[in-house]
Protein chains: 2
Amino acid sequence: MSLRAPYLMFLGDAIDQLAAKTASGVVHWVPDICIGQFRLDGCNADLGLPDMTLEAAAAAGAKTVIVGVANRGGVISEAWAATLVSAIELGFDIASGLHNRLDSVSAIAEAAKTYGRDLVDVRHPTQSFDVASGKKRSGMRLLPVGTDCSVGKMYTALALEKEMKARGMKATFRATGQTGIFIAGDGISVDAVVADFISGATEILSPANDPDHWDLVEGQGSLFHASYAGVSMGLIHGAQPDALVLCHEPTRKHMRGLPEYPIPNLKECLDANEQAARLTNPKATCIGVSINTKDLSDAERDSYLKSVEDELGLPTVDPVTTGVSKLVDNLPVVNS
Amino acid sequence: MSLRAPYLMFLGDAIDQLAAKTASGVVHWVPDICIGQFRLDGCNADLGLPDMTLEAAAAAGAKTVIVGVANRGGVISEAWAATLVSAIELGFDIASGLHNRLDSVSAIAEAAKTYGRDLVDVRHPTQSFDVASGKKRSGMRLLPVGTDCSVGKMYTALALEKEMKARGMKATFRATGQTGIFIAGDGISVDAVVADFISGATEILSPANDPDHWDLVEGQGSLFHASYAGVSMGLIHGAQPDALVLCHEPTRKHMRGLPEYPIPNLKECLDANEQAARLTNPKATCIGVSINTKDLSDAERDSYLKSVEDELGLPTVDPVTTGVSKLVDNLPVVNS
């Protein structure tokens with residue numbers, strides 16, 4: 001799947017800012033291609049973009065309406081459908097991160113067909129894949145892995161891409177989830193492919209490249225998450241990472257959604273991920289640690305980062321406050 | 001998915017005995033419900049069952065036609081379609097292990113609709129699943145795990161079920177692949193579910209049960225197979241096994257389909273599987289080893305089984321020639 005930029009961000013009647021979390025992430029990372037927001041009555045979210053009518057956004061060159069918002073009640077309401085149909089009539093493609101498919105609403109499906117526009121459900125891969133070959137591909141790859149879900153793996157990969165590009169390195173973020181796909185404009189929701197093809201899809205996502213090119217592959221889940229470890233394992237094998245970055249959120253009390261499951265020890269988690277990665281890339285090594293410190297005070301943050309650095313002997317950053325320079329400094333050097 | 005017995009085994013124009021491997025496995029394990037075979041001109045496979053016309057099989061009480069055969073060219077030929085339509089008209093359900101869906105042939109889809117019969121594609125789950133909860137379920141579970149694919153995991157699980165039932169124990173085989181589903185009459189092809197739901201599907205497959213009841217969950221793939229380890233990992237976590245059995249085929253030169261990948265060391269494989277299993281069941285322990293010795297001489301077999309037993313300190317059997325008594329003897333004792 002591949003999306004046409006620039007975007008008009010559709011917020012519908014989002015109940016609060018959190019419901020627009022995906023859209024916020026997109027605006028944070030690729031503000032240049034988000035030219036406006038469209039809000040219905042009752043919308044309580046704001047991306048800080050100009051409010052635009054569909055007509056104004058079309059006139060300004062927007063090509064795709066991004067539905068990066070949780071919908072109330074889990075279904076596409078009539079108000080949403082009417083707006084999306086109008087957008088299609090004006091020439092927009094629609095890209096959605098909703099669980100229900102855009103074409104499950106017949107008015108939207110019919111309009112897309114009539115006007116020859118694309119409906120892209122980023123959670124629902126349409127491509128078919130082969131099983132993974134396990135064959136080594138040229139180019140370098142980095143994969144953030146986590147102690148848990150939602151600890152900053154995507155943020156870390158994007159921050160690394162930005163830093164590496166700023167240094168003139170060849171780097172490409174490879175999206176494996178909905179927000180990442182909106183940001184990159186393409187990608188594969190690996191947790192939504194048929195189980196046999198997790199690794200195969202990841203191989204396709206991160207093809208052979210220049211010897212000194214780095215793919216920053218978006219991580220998913222955690223080897224220690226009882227619901228999602230299969231996805232994490234398949235992603236690790238398909239990505240064949242040369243470098244791993246361990247991501248962690250230190251205030252988490254238990255695994256996300258699983259109150260019975262404790263957060264793994266950092267060293268144990270690091271070792272298990274290196275061991276898994278070495279099946280398809282014997283050189284795989286953890287090159288650093290990325291901590292999400294949003295719930296720590298400044299003093300707590302500094303002392304926590306230092307304690308992890310001492311414990312694991314690896315550069316340890318908070319991508320938001322310290323940046324990721326220390327991680328890039330610790331990447332293996334490769335010649336072109 | 002659930003199948004109505006007894007079965008008529010459809011062999012079509014199977015090119016050789018190997019093309020009917022799935023059907024052979026079904027007849028081996030549940031001969032009582034396989035009342036006949038149906039062969040078209042040019043069929044080179046034979047299950048040793050009476051050849052029957054559709055009418056004769058219907059009169060004898062057969063309820064489902066089992067398509068447990070690889071089709072030439074990967075598509076359902078016109079000759080096959082005509083036979084399957086006739087079967088539907090006579091009141092049969094059709095269950096298929098083909099990659100292409102039965103309802104992709106419009107004549108078959110229409111006949112099933114007209115006559116109200118079920119088309120069951122065992123490779124294509126239609127049920128939707130939740131993500132795994134990771135919650136402990138009552139009852140005991142055993143999962144065979146492998147050094148590689150196709151080393152005897154299903155055979156071992158079925159042999160264990162048979163031995164345990166013969167001893168009066170409560171035991172149920174839980175099928176996770178196509179042959180297993182035909183044998184059990186139900187199950188879930190876990191490698192065909194959406195990746196996020198591998199563990200969740202396995203939890204559904206093996207629900208809470210009596211404290212002294214054993215589920216024998218069919219294993220899939222290998223944690224050391226670069227194409228399929230994600231499925232194996234999700235299956236291990238969802239099964240929450242109390243007992244593991246390590247399955248191995250000692251003449252294998254490399255991982256199936258992956259010439260670059262060596263077979264893992266037995267101890268390393270055992271340790272990795274125990275480690276993975278202990279995430280969702282801290283008591284998970286490997287209770288024995290099952291070796292597929294079909295390519296060894298009698299003398300080689302005896303000495304190999306002894307060498308593994310000495311190396312790992314675990315009862316080691318060949319389910320075909322020695323039976324699995326030693327494995328059942330080594331299960332943890334549970335009270336009802």
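Two strands pair if DSSP finds at least two bridges between them; strands (E, at least two residues) and helices (H or I, at least four) are DSSP runs, numbered from the N terminus. This is a predicted model, in which local features need pLDDT of at least 70 and side-chain atom pairs count only at pLDDT 80 or more, while totals for chains, interfaces and linings use all residues. Residues are numbered from 1 along each chain as its sequence is written, and chains are lettered from A and ligands numbered from 1 in the order in which they are written.

**Stop 1: the sheet of chain A**

The strands β1 (residues 7–12) of chain A and β2(A) pair in the parallel sense over five bridges. Between them the chain passes through α1(A), and this β-α-β crossover is right-handed (with the strands pointing away from the viewer, the path from the first strand over the helix to the second runs clockwise).

Now show the whole open sheet, whose five strands have the order β2-β1-β3-β4-β5 (chain A) with parallel pairing. Its edge strands are β2 and β5 (119–121) of chain A, each pairing on one side only. On average, neighbouring strands are turned by 20 degrees against each other, direction ignored. Axes here are lines fitted to C-alpha atoms, for helices over the stretch in contact, and angles run from 0 to 180 degrees between N-to-C directions.

Helix α1(A) packs on this sheet and touches β1, β2 and β3 (64–67) of chain A, at about 155 degrees to the direction of β1(A). Contact between two residues requires their C-beta atoms, placed from the backbone, to lie within 7 Å.

Is β2(A) enclosed or open? Five of the six residues of this strand (residues 34–39) are buried, so β2(A) is largely enclosed by the rest of the structure. A residue is buried if 20 or more other C-beta atoms, placed from the backbone, lie within 10 Å of its own.

Move to β4 (residues 93–96) of chain A, which pairs with β5(A) in the parallel sense over three bridges. There, Ala95(A) stands opposite Val120(A).

**Stop 2: the two domains of chain A**

Colour domain 1 (7–121) and domain 2 (140–329) of chain A separately; such bounds come from an automatic or database domain assignment. Their C-alpha centres lie 29 Å apart. Nine residues of domain 1 of chain A are in contact with five residues of domain 2 of chain A. On the domain 1 side, helix α1 (residues 21–29) of chain A gives the most, with four residues.

**Stop 3: between chains A and B**

Select the contact between the chains, which takes 29 residues from chain A and 29 residues from chain B. On the chain A side, the elements giving two or more residues are α7 (198–205) and α8 (229–239) of chain A. The largest share, six residues, comes from α8(A).

Which elements do the buried residues of α7(B) pack against? They pack against α8 of chain A together with β7 (170–174) and α8 (229–239) of chain B. Seven of the eight residues of α7 (residues 198–205) of chain B are buried, among them Ile198(B), Thr202(B) and Leu205(B).

**Stop 4: the sheet of chain B**

Finish with the open sheet of six strands in the order β7-β8-β6-β9-β10-β11 (chain B), paired in parallel. Five bridges join β6 (residues 140–146) of chain B to β9 (residues 243–248) of chain B. Select Val145(B) to find its bridge partner in β9(B), Leu246(B). Helix α5 (residues 153–166) of chain B lies across β6, β7, β8 (213–217), β9 and β10 (285–291) of chain B, running at about 160 degrees to β7(B).

Key: A residue is buried if 20 or more other C-beta atoms lie within 10 Å of its own, exposed if 12 or fewer, and partly exposed in between; C-beta atoms are placed from the backbone.
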